Amino acid sequence: MEDKKSQGIVDRIWNILTSIKLAVVVFTLISVTSIAGTLIQQQVEPERNIKMLTKVFGDSAPAVFKVINAMGFTDMYRSWWFLALLFIFAVNLVICSIDRLPGIWKLAKTPIRPIEPEIFKSMIVRPQIQVKGKLEDTVSSVTAELKKIGFSNVLTDGKSGQIYSEKGRYSRLGVYVTHLSILLIMMGGIEGKFFGFDGYLALPEGGTASSIESRDGSKIPLEFSVRCDDFDVSFYDDTDTPKSYVSNLVVIENNKEVLKKQISVNDPLRYKGVVFYQASYFFNPDNIANSKFKMKVYAQGAGSSQDVSVGLDQSFDVPGTKIKGKVVDYSPAVGIDNKTGELFTYSNQMNNPAAFIEFSEAGKTVHKQWVLKRFPETWKTPFGSIQLLDIWGVQYTGLQVRKDPGVWLVYLGCLFMAVGLYAAFFMSHRRIWVHVAEEKGKTTVTVAGSANKNKIQFDQKIDSLTKSL
Amino acid sequence: MDSSQLFGIATIAYILAMVAYIAYLAFKNSTIGSIATTITIAGFVSHTIAFFVRTAEFLEVGQMGIMRAIPLTNLYESLIFFVWCIILGYLVIEFKYKTKSFGAFITPIAGMTLAFIELSGIHKDIHPLVPALQSNWLLSHVTMSFLAYAAFAISFATAMMYLAVTTEKKKDGAYIFWTTTLGVFITILAAMCIDFFAFKIAASRPESFIKSYLFKATFRSSSGIVVLLSTIGLGAIIYAVYNYGHILKKVITSFNLSKDVLDDLTYKSIAVGFPVFTLGGLIFGAVWADQAWGRYWSWDPKETWSLITWFVYAFFLHARYLRGWKGQKIAIVAVVGFVSTIFTYLGVNLLLTGLHSYGAQ
């Protein structure tokens, strides 16, 4: 008695889990909550969402926000209930597939066989045709024609008089390969979540770090350290449209430089499973004390040049003269007011770096000039040309750092999905039986067959078969 | 000739083709039918050449190689490519199903969209690629996504026609559904046109224009009266479509489109669109995101909406395969799928912020 009852419950749960209804409910719940998740901004300061909610709820917005926040909607893709929904979806997918797989597996495993005359009759796709020639000739021409329309393995059964072949039997499994791929991707996601990490690293030019900051602000140590030698943004012509962001990174392990790479947005650095992506950059004037103005100074008339690297308010010699130069001011993005002609800083990013250089002879200031990195016409001075190469040290590179040991499963899943979908949508299981018989000196041919998809195309193939016979 | 002149030729061709297709339906004269097809093909060829010319122009400006010169980086270019995909899909249907009846629907949509792009003065300048888009994945990810969007658009059109042809009574849920959907679509288009005429001066770039001014002249106006009038307008349009839907039905019925062909086309377009969307949109997108951002899935609004769209179409396919859904029920699912597609394509970029808001700066 006890057994029967428990079995009843198991069966009932199984029935619920295999039901399409559950799938539809979970699909709908995931979709609807996801929509909410795109409307409510995720992982941002509360003010931004409260501001948005005010438009709808007016004064009660902060209260509404509290409720939404408590329910996890402000970080919902990580909330327990959303993950639970994804889990139920996965379980449902597995169980639905298991429920239907054995039948399909049998179909996919069993090779084609000659069929009984009654079944043959029910599957006839073309009326009987009569052909000239002997039975054996017809058999060989049918075989040849079948090969022509794509059936490579043609079998003949003398007893039933059937020539038969099939194609794409395994394409029936395409749906299951696709389902499996979804599970692989989810497994990859879980593995990455549990055995990987994800964080951010801001490095000034010249800075070194051996740990990164995780999303919740805690430090994640690395097995090695990373140094940023240089960061640079380049722009399209005279615009402020960025062309590329690059960081020159060096990996240091046991006090040795083991890897050097210039990374850009679509080209990260990988070392020991940890990947560094170029994510952002910013300008930080607080670091000016450790910064260097890198310049190329061309002596008047001469073709030779000299590299100069000085800090703010440090002097340098202008070659071939007795003049000393000194950077007394700088701007990350210098602009000119069109009306007043005054200079100002128009951006807090290093869009148009400039150095203000004071020239002096025997302690007396003789000339002052702005030199702009992006505009060569500003490089010319009365004492030779000064090219500003970089204000090095005030720019930070923002790196997205990740270790994801599950990513190969995700890629494998993607591959499975591509293969599975191809099989499911663009291939079909086609079976064909051609009955050839000799009656009263005439040879008759009857074609039976079936295709589980793309029936029209199959029909056209049969057309070409019967026509050429 | 530059690309915009060639696009102009395509626009004119599609509008002429519309006239020819309507004449063909009216007179059932096969010569007129052939002329209509010829004009459409001519337009399509010009459209295709224009696309390549623009690629060449892009190549010259961007200097980043052919893989990164695909002119599909802003709304202007994507709309033009979308129209190209739809015409391609239409021509395939015309030759496979040997019916010219859809031409009278598709060519005006194509012609009008191109003409609207032209008249609106949407920025045609070529903008070089921002660093995030400088990847060889751009080509496959974006083109395949748009091919899928176009396939879904065709399934939407055939599903709506199916609903129009098969509904009998005004009390039918399906009748109310298709007339309301059509009414809302017409209202949104009308509201966007009003925005456009009201704020034309501000249109320096299409994305920022629509982003800041969408529905500002109607539903989001600062004046309460305008909002009220717009809402009444919405109601009136829906009611008008609801009330006169039978006329549309008569027009579509007179085109001799069998409902089985419509049902089959809805399914076929989705059966093509779904795998292309999964591979090009979701998988290639995830691989690219993994390589550029270090995350294959970020639950960014665009990703989330494409997942929702994917769910709807997956539901469509399972309902059809496992439950044998046909006819009106499945047509409604196809319509819902396309509403989600539209939101993935345009709504996300125009209304929400996220990683995919390129060109909005």
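Is Glu45(A) buried, exposed or partly exposed? Glu45(A) has a relative accessible area of 42% and is partly exposed, where buried means under 20%, exposed over 50% and partly exposed in between, with a 1.4 Å probe and protein chains only. The model is predicted: local features need pLDDT of at least 70, side-chain atom pairs count only at pLDDT 80 or more, and totals for chains, interfaces and linings use all residues. Residues are numbered from 1 along each chain as its sequence is written, chains are lettered from A and ligands numbered from 1 in the order in which they are written, and side-chain values use heavy atoms, without hydrogens and water.

Glu45(A) forms a salt bridge with Arg48(A), their closest N and O atoms being 3.8 Å apart; the term denotes a side-chain nitrogen of Lys or Arg within 4 Å of a carboxyl oxygen of Asp or Glu. Arg48(A) is also partly exposed, at 40%. Over all chains, the count comes to 23 salt bridges.

Another salt bridge joins Arg295(B) to Asp198(A), with 3.2 Å between the closest N and O atoms. This pair crosses between chains, from the loop between helix 9 (259–292) and helix 10 (301–323) of chain B to strand 4 (residues 197–204) of chain A. Helices (H or I, at least four residues) and strands (E, at least two) are DSSP runs, numbered from the N terminus.

In chain A, Lys260(A) forms a salt bridge with Glu257(A), at 4.0 Å between the closest N and O atoms. Shared partners join Arg227(A), Asp229(A), Glu257(A) and Lys260(A) into one network. Lys260(A) counts as exposed because its relative accessibility is 56%.
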